[in-house]
Amino acid sequence: QVQLVESGGGLVQPGGSLRLSCVASGSIFSIFSINVMGWYRQAPGKQRELVATMSSGGITNYADSVKGRFTISRDNAKNTVNLQMNSLNAEDTAVYYCKWTALGMDYWGKGTLVTVSS
């Protein structure tokens, strides 16, 4: 029943934009209303890294590499989190994963591939 599903990935040209979305389904996500949701990414040959997170209270955190270009948002009632990505470049190419965290529990989506190429 517990599931995080990402969508919105695909191929985009440098300088373009994409909007990723993640929907968390399952009663646990509603029960633990105090939580953090966010996005991580992993490029080939690299470690998974934080992209952006947002707590249920509205506190955001961004990686330096995406600050000013990406914007995270969420709907607490629907347990969804979005990532608006602008001014994309080749270094943004990666599999993007959605994450939900609360009280020491972590849940991950299966990821969505973002490819930035001309």
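Predicted model: local features only at pLDDT ≥ 70, side-chain atom pairs only at ≥ 80, totals over all residues.
**Figure 1. Phe 70 and the residues around it.** Leaving aside neighbours within four places in sequence, Phe 70 is in contact with Arg 41, Val 51, Tyr 62, Leu 83, Gln 84, Met 85, Asn 86, Leu 88, Asp 92 and Tyr 96. Look for Val 51, Leu 83, Met 85 and Tyr 96 again in the next view.

**Figure 2. The largest nonpolar core.** This core is made of 29 residues. Leu 4, Trp 39, Val 51, Phe 70, Leu 83, Met 85 and Tyr 96 are the ones with the most contacts inside it. At least two core residues come from each of β3, α1 (27-31), β4 (36-42), β5 (49-55), β7 (70-75), β8 (80-85), β9 and β11. Which strand gives the most to this core? It is β9, with five residues.

**Figure 3. The disulfide between Cys 22 and Cys 98.** The chain has one disulfide, and it joins Cys 22 to Cys 98 with an S to S distance of 2.1 Å. The link is left-handed, with -85° about the S-S bond. It ties together distant parts of the chain: Cys 22 lies in strand β3 (residues 18-25) and Cys 98 in strand β9, 76 residues apart. Are these two cysteines buried or exposed? Both Cys 22 and Cys 98 are buried.

**Figure 4. Strand β11 and its two partners.** Follow the side chains along β11 (residues 112-116) and you will see them alternate. Strand β2 (residues 10-12) pairs with β11 in the parallel sense over three bridges, and here Gly 10 stands opposite Val 114. Strand β9 (residues 94-102) also pairs with β11 over three bridges, but in the antiparallel sense. In that pairing, Ala 94 has Val 114 as its bridge partner.

**Figure 5. Stepping back to the whole chain.** The C-alpha atoms fill a box of roughly 45 × 25 × 25 Å along the principal axes.

Technical notes:
Residues numbered from 1 in each chain as written. Heavy atoms only, no water. Buried < 20%, exposed > 50% of the residue type's maximum accessible area, 1.4 Å probe, protein only. Helix = DSSP H or I, 4+ residues; strand = E, 2+ residues; numbered from the N terminus. Pairing = 2+ DSSP bridges. Disulfide = S-S within 2.5 Å. Core = buried A, V, L, I, M, F, W, Y, C linked by side-chain atoms within 4.5 Å. Contact = heavy atoms within 4.5 Å.
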